[in-house]
Each structure stands twice: as structure tokens, then as C-alpha cells.
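I opened the model and kept short notes on what I looked up. The entries follow in the order I made them.

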Amino acid sequence: MVGYDPKADDRSNSKFEVAMAGSMSGLVTRLLISPLDVIKIRFQFLSFELLTELVHRANMYETHEFSAHFVCGGLSACTATLAVHPVDVLRTRFAAQGEPRVYKTLQDAVVTMYRTEGPLVFYKGLAPTLIAIFPYAGLQFSCYKSLKRAYDWAIPADGKQTGNLKNLLCGSGAGIISKTLTYPLDLIKKRLQVGGFEHARAGFGQVRSYRGLLDCTKQVLQEEGIQGFFKGLSPSLLKAALSTGFVFFWYELFCNLFHCMKKADS
């Protein structure tokens with residue numbers, strides 16, 4: 001159900017139903033894992049479906065191929081990221097501040113950041129975010145499809161578990177693979193987002209300042225070594241496995257539900 005499938009046109013869902021399935025899967029997943037990024041997931045599933053359909057209709061290459069899902073998944077994530085990046089910056093700032101708190105409310109944070117650092121502050125870390133999110137989302141979608149095919153090959157038809165379990169397991173595997181391969185860029189993104197905010201982190205110990213993507217990469221490598229790029233990976237992998245697994249699980253479930261409802265009405 002994830003991605004445009006020309007062989008399933010007779011039972012495909014409408015664009016509205018795709019958007020609703022993406023929204024509901026994101027909402028349910030974030031309620032279970034973290035109440036964040038619902039809007040981003042809504043944009044990302046909808047844009048992924050549209051892009052895979054566009055690629056197929058343009059006869060550029062078959063949409064079941066790994067590369068097609070990688071490119072379309074990456075582009076859909078970049079589109080969604082541009083829309084929600086300011087919220088991500090605010091979330092990072094709130095999580096990074098120590099005591100006494102610099103920002104008391106969301107409104108206070110927006111006003112203070114705008115006055116002291118200018119409007120571009122809400123897009124700090126955008127470059128590494130886009131560089132990271134393209135392969136991360138691309139790998140999520142392409143690995144999910146590949147893992148589902150591997151699952152079908154590895155487990156005989158008479159011994160398969162339910163399709164819902166397959167979606168959950170393959171989604172979790174895709175989340176772990178994509179997060180591991182792109183984690184260094186995610187770490188750099190977060191460090192750049194708290195740039196200019198060093199005074200609020202003095203209580204945490206040593207505070208570093210970076211002049212940009214390359215300078216941050218150089219400092220991490222020199223001062224912390226290769227392992228510095230993977231600090232905090234373990235909890236991130238757990239979150240990625242749960243969130244990605246549940247997103248695909250609920251998305252497929254809601255798409256099937258919408259299909260069954262349409263079929264019952266007809």
C-alpha cells in the first residue's frame with residue numbers, strides 16, 4: 001500500500017484517503033511514541049504517494065525499484081521538512097536550555113529568538129537537516145519495500161504471520177537501518193541548531209561553538225573521534241524502530257480500512 005502501485009489501481013485509495021491515512025498513522029504513532037511531527041508525517045506520506053505515481057506515469061523507471069522509492073521518499077521528506085523546520089528548531093532549543101530557563105513559553109521563545117538572532121534563526125541547521133533527511137527518508141521507504149519482499153521470500157506462505165505484523169517488523173527494520181546510516185548528520189544538525197544559545201547551556205559543562213557544517217564536522221572528529229558522531233545512538237535507534245514501525249503499521253492498516261469501507265458501500 002505504501003507508494004503508487006499501478007497493479008492495484010482497481011482498489012487504490014483517493015488522494016484524500018491517502019492523506020487521512022498518513023495523518024492518522026502519524027497521530028497514533030506520535031501519541032504512542034512522542035507527540036511531535038504529526039504535520040511532517042502527513043505531508044510526507046501524501047507527497048510520497050504523489051511522487052511515486054508521477055514517476056510511474058512518466059515511464060522513467062518502475063516504481064517498485066529500490067532507487068525509485070529512495071528518490072521519492074527523500075524528496076517527500078525534504079518537502080515536509082521545509083514546512084516544519086522552524087518547529088524543530090524551537091523543540092531543540094526548549095530541550096537544550098538549562099536552568100534558569102531562557103524561554104518560559106512558546107510565544108516568548110519565538111519573540112526572543114526573532115529579536116535577538118533575526119528571522120533566519122528558525123532555519124538554523126537546515127542544510128545538514130536536508131542532507132540527512134533525504135537519505136534517511138529515502139532509506140526508510142526503499143528498505144521497507146525491500147524488507148517486505150525479503151520477508152515474503154524468507155517465510156513460506158503457509159507459515160506467515162499476519163500482514164500487520166510483517167508491516168510492523170519491516171517498518172522497524174527500515175527505521176533502524178536508516179537511522180544508523182544517517183545519525184552523524186542528525187547529530188551535527190542538532191549541534192548547529194543550538195548555536196548562539198551557548199549561554200543557556202553553561203550548566204551542562206563544556207560548551208562548544210561551531211561556524212557551520214564543515215567546522216562542526218571537523219571539531220567533532222578532532223575532539224571526540226569517530227565515535228563522537230554516534231553519541232546517543234542507542235536511544236535514537238529504539239525510538240526509530242518504534243516510530244517507523246508503527247507509522248508503516250498504522251498507515252497500512254488505515255489504508256486497508258478505507259478500502260474495506262469503500263468496498264462495503266459499493
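**Entry 1: a loop residue**

I looked up Leu 120 and found it in the loop between α4 and α5. Helices here are DSSP runs of H or I with at least four residues, and strands are runs of E with at least two, numbered from the N terminus. The model is predicted, so I note that local features need pLDDT of at least 70, side-chain atom pairs count only at pLDDT 80 or more, and totals for chains, interfaces and linings use all residues. Residues are numbered from 1 along each chain as its sequence is written, and side-chain values use heavy atoms, with hydrogens and water left out.

Is Leu 120 buried or exposed? Its relative accessible area is 69%, so Leu 120 is exposed. The cut-offs are under 20% for buried, over 50% for exposed and partly exposed in between, with a 1.4 Å probe and protein chains only. I also checked Pro 86: C-alpha to C-alpha, Leu 120 is 9.4 Å from it in space, and the two are 34 residues apart in sequence.

**Entry 2: α3 with α4**

Two packed helices are described by the angle between their axes and the distance between the axes. I read that α3 and helix α4 (residues 106-117) cross at roughly 100°, and that their axes come within 11 Å. The two are therefore roughly perpendicular (65 to 115 degrees; under 35 is roughly parallel, over 145 roughly antiparallel, the rest oblique). Axes are lines fitted to C-alpha atoms, for helices over the stretch in contact, and angles run from 0 to 180 degrees between N-to-C directions.

Which residues of α3 meet α4? I listed Val 89, Leu 90, Arg 93 and Phe 94 in α3, which meet Leu 106, Ala 109, Val 110, Met 113 and Glu 117 in α4.

**Entry 3: α3 with α6**

Next I took helix α3 (residues 66-96) with helix α6 (residues 163-193), which pack at about 75° with axes 9 Å apart. This pair is therefore roughly perpendicular as well. On the α6 side I noted Lys 189, Lys 190 and Gln 193, and on the α3 side residues including His 85 and Asp 88.

**Entry 4: Ser 142**

Ser 142 sits in helix α5 (residues 126-154). Its relative accessibility is 1%, so Ser 142 counts as buried. A polar atom of its side chain lies 2.6 Å from the backbone oxygen of Gly 138. Beyond neighbours within four places in sequence, Ser 142 is in contact (heavy atoms within 4.5 Å) with Phe 66, His 69 and Phe 70.

Key:
A polar contact is a pair of N or O atoms within 3.5 Å; within protein, one must be able to donate a hydrogen and the other to accept it, and residues adjacent in sequence count only if both atoms are side-chain atoms.
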